[in-house]
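Please look through the sequence and the model below before reading on.

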Amino acid sequence: MFDELIGNDRVKELLRRMLQSSRMPGAMLFSGEDGVGKKMFGLEIARALNCRAPQGVEACGSCPACKRTLKINYPAGDEADDFKGIIWTGHPDVGLVVAPKRVLLVHQMRAIESAANYRPFEGKARVFIVEDADKLNESSANALLKILEEPPPTSHIILLTSRPAWLLPTIRSRCQVIRFSPLAAAEIENYLTHNKVARAAEARVRARVARGSLRRALAADLDDFIEQRKAMLEVLEALARSDDRLQLLRSAEQLNEAQYKDEYEARLDVLETLIRDAWLLSLGADTETIVNDDVLPELSRMAKGLDSKRPAIWIGQIEEMREQLVVNINRKPATDALFLTMAAASATELPPKRRYIIK
Ligand SMILES: [Zn+2]
């Protein structure tokens with residue numbers, strides 16, 4: 001079922017319409033960033049075409065044909081020879097081709113041509129997915145063109161790429177091009193929590209560091225997150241408990257250390273989620289609404305006696321500073337100023353708006 005795949009609803013609709021009209025193209029090019037699910041969509045088409053108990057035009061997902069289609073036996077080693085042919089899935093009509101190294105080989109394209117000319121062994125259609133089609137060189141692209149020109153009606157070839165511009169125009173023009181969008185952070189977050197891949201706090205951060213790619217979300221280093229959150233908890237503690245300015249300046253300094261340069265915005269994200277949690281707790285909200293629920297005891301302690309108007313002010317101040325980050329302010333003094341302004345924020349008196357130093 002397409003609904004089990006993450007994001008790209010527009011593509012799902014398009015593919016459903018193609019299945020309904022029995023007009024699945026023989027040659028397709030899926031273009032879009034790495035890790036947005038292009039291969040899963042390709043395999044889902046294969047499942048829909050070969051399912052033994054289809055639900056409308058879509059795959060049931062549970063018959064043997066559906067299950068075997070998702071079993072991909074990638075070679076265990078990285079010997080180039082292991083990748084030379086077609087890598088068959090558990091279904092004898094569905095296979096993938098992966099470049100052994102930097103280039104997709106003529107030999108591999110000929111293997112597709114030969115296999116595509118057979119009628120399906122078991123299902124109704126044969127599907128071949130070419131990963132990283134931008135790795136075609138001139139000879140392998142020409143070998144592939146032969147089969148793209150006139151694929152047998154029961155065979156479908158799906159090229160995947162994150163760099164469509166690298167493909168020869170002759171290849172692109174023979175394919176129906178389907179563009180995939182980056183995934184929204186909320187889509188990734190829902191997917192991770194729904195499939196119990198990550199708890200709420202972790203899922204939220206993974207979704208944010210993913211920049212539209214589920215693969216990046218899954219690969220993100222969680223140790224980094226834990227370290228970032230520990231540092232930002234110290235900031236919140238200093239703000240909430242004692243307006244400990246020395247600690248705040250130390251934290252500001254750490255935030256600007258070269259080794260954390262790439263994490264700056266991520267750390268501010270984490271700080272905002274912590275402030276929101278403390279805010280909710282100070283208002284007596286249900287603990288189920290807390291994002292960082294695995295550090296609930298620390299958060300509850302900080303939220304105790306916290307005037308609930310202060311977190312709202314803090315978030316406003318962080319957001320204001322972020323707007324200025326866009327125009328290239330000098331981060332170091334801006335961070336010092338931000339933290340000290342936050343410390344000064346009291347419930348009764350809003351601090352004057354700070355203007356940060358522009359480089
Ligand atoms: Zn099925």
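**A walk through the predicted model**

Residues are numbered from 1 along each chain as its sequence is written, and side-chain values use heavy atoms, with hydrogens and water left out.

Helices (H or I, at least four residues) and strands (E, at least two) are DSSP runs numbered from the N terminus. Within H11, the residues Gln247, Leu248, Ser251, Ala252 and Leu255 are buried, a word that stands for under 20% relative accessible area, with exposed over 50% and partly exposed in between (1.4 Å probe, protein chains only). These residues lie on the same side of H11 because they cover an arc of only 140° around the axis, the arc being that of the directions from the helix axis to the C-beta atoms.

A nonpolar core is a set of buried Ala, Val, Leu, Ile, Met, Phe, Trp, Tyr and Cys residues joined through side-chain atoms within 4.5 Å. Of the 40 residues in the largest one, Met232, Leu236, Ile275, Leu299, Trp314, Phe339 and Met342 touch the most other members. Leaving aside neighbours within four places in sequence, Ile275 is in contact (heavy atoms within 4.5 Å) with Leu236, Pro311, Trp314, Ile315, Ile318 and Met342. A second, separate core has 35 residues, including Leu5, Leu96, Ile129 and Ala207.

The zinc ion has Cys51 (SG), Cys60 (SG), Cys63 (SG) and Cys66 (SG) as its protein donors, lying 2.3 Å from it; donors are N, O and S atoms within 2.8 Å of the metal (3.2 Å for Na, K and Ca), and water is not among the atoms, so sites may look incomplete. Along the chain, these donors follow the spacing C-x8-C-x2-C-x2-C. The arrangement is tetrahedral because the four donor atoms subtend angles of 101 to 117° around the zinc ion, and four donors count as tetrahedral if all angles lie between 85 and 135 degrees. Cys66 counts as buried because its relative accessibility is 0%, and Cys60 is likewise buried, at 16%.

Two residues stand out by their backbone. Most residues other than glycine have a negative phi. Asn8, in the segment before helix H1 (9-20), has a positive phi near 50°, and Ser22, in the loop between H1 and strand S1 (27-31), has a positive phi near 55°. Asn8 is buried at 7% relative accessibility, whereas Ser22 is exposed, with a relative accessible area of 66%. Not counting residues up to four places away in sequence, Asn8 touches Val36, Phe41, Arg179, Phe180, Ser181, Leu183 and Glu187.

Key: Predicted model: local features only at pLDDT ≥ 70, side-chain atom pairs only at ≥ 80, totals over all residues. Tetrahedral: all angles 85-135°; square planar, octahedral: opposite > 155°, others 65-115°.
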